[in-house]
Amino acid sequence: MFFIKSLGTHISEHKGHKEMSLANPMVEFLDPEYVYIPLVDQNTPCEAVVQVGEQVKVGQIIAHKKSRFPLPIHASISGEIVSIDKKMWHSSGKMVPTIQIKNDFKETKVDTIKEVDVSSITKEEIIEKAKENGIVGLGGSGFPAYVKYKVSDPIDVVIINAVECEPYITIDYKLLQDRFDEVLRGLKYIMKAVDAKRGVIAIKKDKKELIEKMNLSINNEPNISVFTVKDEYPAGWEKYIVQRVTNKNYRTLPSEAGAVVNNAGTAAALAAAIERNQPLVEKMVTITGEGVKTPCNVYVKVGTAINDILDKIGGYAPNLGDAYFIAGGPMTGKSIMFDSLVVHRALSSVIVMPKEVREVNPECMGCGKCSEVCPVFLSPIVIKETLENDSVNELRTLRPDLCMECGLCSYICPSRIELTDAVTKAKQKVMVK
Ligand code: SF4
Ligand code: SF4
């Protein structure tokens, strides 16, 4: 039987640093001079279907991800393709080829982007539109949404995950605050696509005002409710939320517990895809951290470079010196040393931090904190040492396959030992058949 600890770790020192980006108004930046659309999606190479010199419109398909779960990739601005191999930094921690488009600032859209009559839309049409418009999980996974909706298990509940438990990130909170109606409509489309009886919006219980506002909006929606979780990390982990909402565990997919989980941004993007045939070409991203002069949420075109966004919002903090960037949340994101990093469709935040000289003491002090915080009861340091001893059978007994890669063990370790990396490697090792 698989268990998840009922208590996570409270890391809301300074409210998890979330107040930084919430202190400033959201900025719209939809007219960058260039965008760079990555030709890699979820580590899968994509194939360009445009040529250098070609003019493209907003929403035009410019590449295809060819994999078990294929997905089109769209132009986010109108203009000229000026390169299809420019390398830019990606949240995977690698440089990837991109399609570079020079903006003609005309915002010419493909003819298919227009209001659609959705009064008699079928579940099959919802699934197809999610696919055609490139809707992916915006909680960081980037997993194609349509695949989740083509589920074969009977589904009881659709859960909108707006817990956003990692420090610094605030896009879901901002989205629910400003555009709750869109999230709600998206939730209803997902419920229809998977034949779910009820919908749940999961959020941290400290968001009292927002919860009150959402409850008012769903007053006449008997099948939709708000579900609150504690302000702790990793309360936003999918397995944790599904267990709390359904009282069931699952091994591989939430559908085994009768649930489909989508992020709040994904639901809003789906509503736009259904109602306006709008591909996923714009998104919100949190740009924050001690290294940013004006941390805030920014609404951008997919493919915008972080250095251009920073110019738009006032640049780096004064006297910053050298900086580094965390693409994604501080617990699970990747450190990147350069600002030629692009916002792809699943990237939720970029945190700019002063480069610190870390004092590393690689010796384990035996404090036991890494085991204490692990939400799935693993012993990270024991797994790390066993991995180093190269004993796969012994490693299996320690169950690294249960690791959810939450990053808590590395975060808490006073010796700053890279435990998450080690446990992830051990996980890969024992999962190889
Ligand atoms: S990353 Fe560390 S704390 Fe998180 S589940 Fe894995 S071993 Fe446990
Ligand atoms: S938290 Fe770090 S120092 Fe403490 S037991 Fe785990 S590895 Fe050792």
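Biologist: How do β10 and β13 run, and how many bridges join them?
Modeller: In this predicted model, β10 and β13 run parallel, joined by five bridges.

Biologist: What stands opposite Ala-259 of β13?
Modeller: That's Val-157.

Biologist: Is β13 mostly covered or mostly open?
Modeller: Mostly covered: five of its five residues are buried.

Biologist: Which residues point which way from β13?
Modeller: Ala-259, Val-261 and Asn-263 go one way, while Val-260 and Asn-262 go the other. Both groups are buried, and that takes in Asn-262 and Asn-263.

Biologist: OK, on to α7. What's its span from first C-alpha to last?
Modeller: Helix α7 covers residues 264-276, 13 residues in total, and reaches 18 Å. That's close to the 18 Å expected at 1.5 Å a residue.

Biologist: And why call α7 largely enclosed?
Modeller: Because eleven of its 13 residues are buried, the rest of the structure encloses most of it.

Biologist: Which ones are buried in α7?
Modeller: Ala-264, Gly-265, Thr-266, Ala-267, Ala-268, Ala-269, Leu-270, Ala-271, Ala-272, Ala-273 and Ile-274.

Biologist: What follows α7?
Modeller: Asn-277, with a positive phi near 55°.

Biologist: Switching topic: what's the domain assignment of the chain?
Modeller: The assignment gives domain 1 as 29-112 + 279-354, domain 2 as 114-276 and domain 3 as 369-431. Taken over C-alpha atoms, the centres of domain 1 and domain 3 are 33 Å apart.

Biologist: Now the ligands. Which residues come nearest to ligand 1?
Modeller: Cys-374, Cys-403, Cys-406, Leu-408 and Cys-409, out of 16 residues around ligand 1.

Biologist: Which helix gives the most to that shell around ligand 1?
Modeller: α13, with three residues. Both α12 (408-412) and α13 (419-431) supply at least two each.

Biologist: How do the shell residues of ligand 1 divide?
Modeller: Into 13 nonpolar, two polar and one charged.

Biologist: And which are closest to ligand 2?
Modeller: Cys-364, Cys-367, Cys-370, Ile-381 and Cys-413 are the closest of the 14 residues surrounding ligand 2. The shell around ligand 2 has ten nonpolar residues, three polar and one charged.

Note on methods: Residues are numbered from 1 along each chain as its sequence is written. Chains are lettered from A and ligands numbered from 1 in the order in which they are written. This is a predicted model: local features need pLDDT of at least 70, side-chain atom pairs count only at pLDDT 80 or more; totals for chains, interfaces and linings use all residues. A residue is near a molecule or strand if its C-beta atom, placed from the backbone, lies within 6 Å of it. Helices (H or I, at least four residues) and strands (E, at least two) are DSSP runs, numbered from the N terminus. Ala, Val, Leu, Ile, Met, Phe, Trp, Tyr, Cys and Pro count as nonpolar, Asp, Glu, Lys and Arg as charged, and the others, Gly among them, as polar. The expected span of a helix is 1.5 Å times one less than its number of residues. A residue is buried if 20 or more other C-beta atoms lie within 10 Å of its own, exposed if 12 or fewer, and partly exposed in between; C-beta atoms are placed from the backbone. Domain bounds come from an automatic or database domain assignment. Two strands pair if DSSP finds at least two bridges between them.
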